[in-house]
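Reader: I am new to this structure and would like to go through it by question and answer. Please show it to me before we start.

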Amino acid sequence: MKKNVLLFTLVGSMVFGTAAYAADVVAVPVQAEEAGTAQAQSQEETQINYGIYTGKIASLEEGTEGYRTVLLESDDGLVLRANLSSSVVLYDAANPTEVLTVSDLAEGDEVTVLVPANAPMTLSLPPMVSEVTAVVRHSSEGNFAISTFDENLYGKEANLVLNLSEDTVICSVHNDRRLYTADDVKNSTALVFYTVTTRSLPPQTTPSMVVLLETADMASAQTTDTAQMEQAIQSRDAAEMIPLRSTVEEAGFTVEWTANDAPVTISKDGVTIVVRQGSNVVSKNGQETTLPQATTLNDGVMMVAAELEDLLS
C-alpha cells in the first residue's frame with residue numbers, strides 16, 4: 001500500500017540567514033517516494049509554530065550525553081543536521097504508540113523532524129539545530145499529518161477531518177501524563193497518525209493516535225511567559241541607568257551643563273564626550289556611539305545608560 005504522507009514545507013523567510021526558515025508552513029499531499037524532496041511550496045498563513053523537515057538519514061554520529069547527530073538528505077541535497085538528545089520523542093508511523101528513542105534510528109530511515117519555529121540554527125549549509133521537539137519515522141503501513149484543528153476537528157493545512165473514537169489515543173508531545181479528550185484537540189496543533197481516509201471532501205479519518213503539539217492553554221502560557229520575560233528585561237534595563245554627573249566626576253571628568261535641553265559636555269585630558277537629554281546617541285571626540293537607553297531626567301538628576309562608563313576609559 002502506497003503511503004500518502006502530508007509533507008509540510010517552510011515559508012522562505014531568512015530569520016537566521018539562508019539556513020533558517022520562518023514558522024509558517026503549508027501542507028501538500030504527496031506520494032511517499034516524493035516526500036524526501038522538501039521543496040518549498042506556495043506559502044499560506046497558518047497557525048503552526050514548527051519548522052518541519054523531511055528526508056532520509058544520510059549519516060548518524062554518536063555524541064556525548066546521549067546525543068546523536070542526524071544528517072538528513074533529500075533528492076535535492078542536504079536538508080538538515082539535527083543534534084538529537086535522548087529526550088527527543090520518536091514516533092513510528094506504523095505503530096505510533098510504541099515507545100522508541102533516538103537510538104532506534106538507522107541510516108536510510110526516512111523521517112520528518114519537527115523543530116520549534118524560534119529554535120536557533122547555524123548559518124551553515126545544511127543548517128544545524130539542537131532544539132528538536134519530535135521525530136517521525138515513515139512507514140508504508142501508516143500515515144501522519146500535522147495541522148491545526150478547528151472546533152469541528154477540521155485541519156485546514158492537512159485538509160483532513162478527525163473522527164475521534166474511544167480507541168483513539170490522545171496525548172501531549174511533552175509527556176505530561178495528563179488525560180486529554182476530544183475537546184483538547186479542538187483549536188490545537190497536533191500530530192495525527194492514521195491509516196485510511198474516506199473519499200469525501202474533505203477526507204475524514206479515525207486516527208489511532210493524536211499527539212498535541214500546542215493547545216490553546218499552552219499558547220496562552222507561552223504568551224504569558226513571553227510577556228513576563230519582556231517585563232523582566234525592561235526592569236533590568238531600567239536598573240542599569242546611572243547618574244551622569246557623579247559618575248563622570250568620580251572618573252576625573254569635568255561637566256559643562258547649561259540647560260536640560262542643551263548638550264552636556266564632559267571633558268578630560270583631550271577627551272570630549274557630548275550627551276543630550278532624551279537621546280541615546282553619545283559623541284566621543286566626534287565619533288558617535290549608541291547606548292541601549294536614552295538619557296533621562298529623574299528628579300532633576302540626569303540618568304544615563306551604564307554603558308557610558310566604557311567611554312570614560
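Reader: Which residues touch the most other members of the largest nonpolar core?

Author: This is a predicted model, in which local features need pLDDT of at least 70, side-chain atom pairs count only at pLDDT 80 or more, and totals for chains, interfaces and linings use all residues. Residues are numbered from 1 along each chain as its sequence is written, and side-chain values use heavy atoms, with hydrogens and water left out. A nonpolar core is a set of buried (under 20% relative accessible area, 1.4 Å probe, protein chains only) Ala, Val, Leu, Ile, Met, Phe, Trp, Tyr and Cys residues joined through side-chain atoms within 4.5 Å. The largest one has 22 residues, and those touching the most other members are Leu 80, Leu 84, Val 115 and Val 132.

Reader: Which element gives the largest share of this core?

Author: Strands here are DSSP runs of E, at least two residues, numbered from the N terminus. Two or more core residues come from each of β3 (50-62), β4 (68-74), β5 (77-84) and β7 (110-116). The largest share is four residues, and its source is β5.

Reader: How many residues does the second, separate core have?

Author: Among the members of this second core are Met 241, Val 275, Met 302 and Leu 312. Its number of residues is 19.

Reader: Are Phe 144 and Phe 193 buried or exposed?

Author: Phe 144 lies in strand β10 (residues 143-149) and Phe 193 in strand β14, so their pair ties together parts 49 residues apart in sequence. Both residues are buried.

Reader: What are the edge strands of the open sheet of five strands?

Author: The order in this sheet is β18-β19-β20-β21-β22, with antiparallel pairing; strands count as paired if DSSP finds at least two bridges between them. The edge strands, each pairing on one side only, are β18 (254-256) and β22 (287-290).

Reader: What is the mean pLDDT of the protein chain?

Author: pLDDT is the predictor's confidence in each residue, from 0 to 100. It stays under 50 over residues 1-46, and 76% of the chain's residues reach 70 or more. The mean for the chain is 79.

How values were computed: Contact means heavy atoms within 4.5 Å. Buried means under 20% relative accessible area, exposed over 50%, partly exposed in between (1.4 Å probe, protein chains only).
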